[in-house]
Amino acid sequence: MLKDTFGRTIDYIRVSVTKQCNFRCQYCMPDTPMDFFDNEEYVPLDNVLAFLKIAIDEGIKKIRITGGEPLLRKDLSEFVAAIHAYAPDVHLALTTNAFLLKRYAKALKEAGLARVNISLDSLKSDRIIKISKKDGLSAILDGIDTAQEVGLKIKLNMVPLKGINDDEIISMLEFAKDRGILLRYIEYMENTHAKLGIKGLKEAQILEILGQKYTPTLLEKENFGPAKIYTLEDDYAFGIIAPHNDDFCKSCNRIRLTSEGTICPCLYYQDSVDAKEAMLSSNPQAMKAALHQSVYNKPEKNQWSEEENPAEISARAFYYTGG
Ligand code: SAM
Ligand code: SF4
């Protein structure tokens, strides 16, 4: 079992399989040229698999594949199938912008993927273009439909931004409710890679808007997840991920592996453990040692800062650590 120095059991790893993305979301990497990461030095997925087998043997029970945009890796279904074959009880999930999901949903489901979290910030085509620089709404909606058809469980993620999509907080909820999907609003986390000047809505502001039409009731903290779950009068449940709140880190059970073989014990904590050499040389002892070191290094709280001064804003990119 993996336990950190604050008594938290670490049984969840988020694995970024690429930094590359076919979107350029305003809150994530708006100014990055599309071909910027052509020279990305991935650790091959076979080596990532070997590392994950060790992590599973040490107590990891849930793996989320993310990025960048993970569906840009064409061999992803085979990767999922190989993890599933090794450990059928390990929960396998994917976070994606869904632009390519229609093409891969069935193969991923057959490979053993249980759940997909889909980022959807608007139901308006021009807004999606404005937010992500991609004319992607119809492909995203097709992806959602196909994922539901093949039996993948789905959650939707929305990052509400002032003056950009905050007038869709209720319509997004109703879209998800109509499809029986859990929607989670994610508070925007300020970071140096985001577009300057964008402002996110905090939990209280999101609830205030929803309160114009509904009466949300706080139900519980999501089981093993970062969201707080609320219900409406008709029992529809939705979530809010509020990393700005003090108790966010208390129940953290996760570490992160980047596509280049770095293990990050926390989303917003600069220290990390380089496992690349251990992974590339397929050295099981060294991989195990790096895994344990990252758990040992896990800080009590994140070091994220929302200061206006760019020098003080958190520097680690979501597309690097995997969001
Ligand atoms: N490309 C995939 C996607 O967008 O779903 C996976 C990677 S993305 C980095 C993972 C999640 O991080 C997405 O739900 C995205 O909305 C969220 N995210 C990215 N930057 C963020 C920020 N600055 N604040 C809050 N959430 C952010
Ligand atoms: Fe790409 Fe996801 Fe970042 Fe948007 S949030 S730019 S889809 S990695």
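Visitor: Which residues come nearest to ligand 1?

Guide: This is a predicted model, where local features need pLDDT of at least 70, side-chain atom pairs count only at pLDDT 80 or more, and totals for chains, interfaces and linings use all residues. Residues are numbered from 1 along each chain as its sequence is written, chains are lettered from A and ligands numbered from 1 in the order in which they are written, and side-chain values use heavy atoms, with hydrogens and water left out. Around ligand 1 there are 19 residues, counted if one of their heavy atoms lies within 4 Å of the ligand. Those that come nearest are Tyr27, Gly68, Ser119, Met189 and Asn191.

Visitor: How far is the polar side-chain atom of Glu69 from a nitrogen atom of ligand 1?

Guide: A polar contact here is a pair of N or O atoms within 3.5 Å. A backbone N or O atom of Tyr27 is 2.9 Å from a nitrogen atom of ligand 1, and a polar backbone atom of Thr96 lies 3.2 Å from an oxygen atom of the ligand. For the side chain of Glu69, the distance to a ligand nitrogen is 3.2 Å.

Visitor: What percentage of the area that ligand 1 exposes when taken alone does the protein bury?

Guide: Accessible areas come from the Shrake-Rupley method with a 1.4 Å probe. Taken alone, ligand 1 exposes 540 Å². The share buried by the protein is 95%.

Visitor: Which residues does Phe79 contact, leaving aside neighbours within four places in sequence?

Guide: Contact means heavy atoms within 4.5 Å. On that basis, the partners of Phe79 are Val17, Leu45, Val48, Leu49, Leu52 and Ile65.

Note on methods
Polar contact = N/O pair within 3.5 Å; in protein donor to acceptor, adjacent residues only side chain to side chain.
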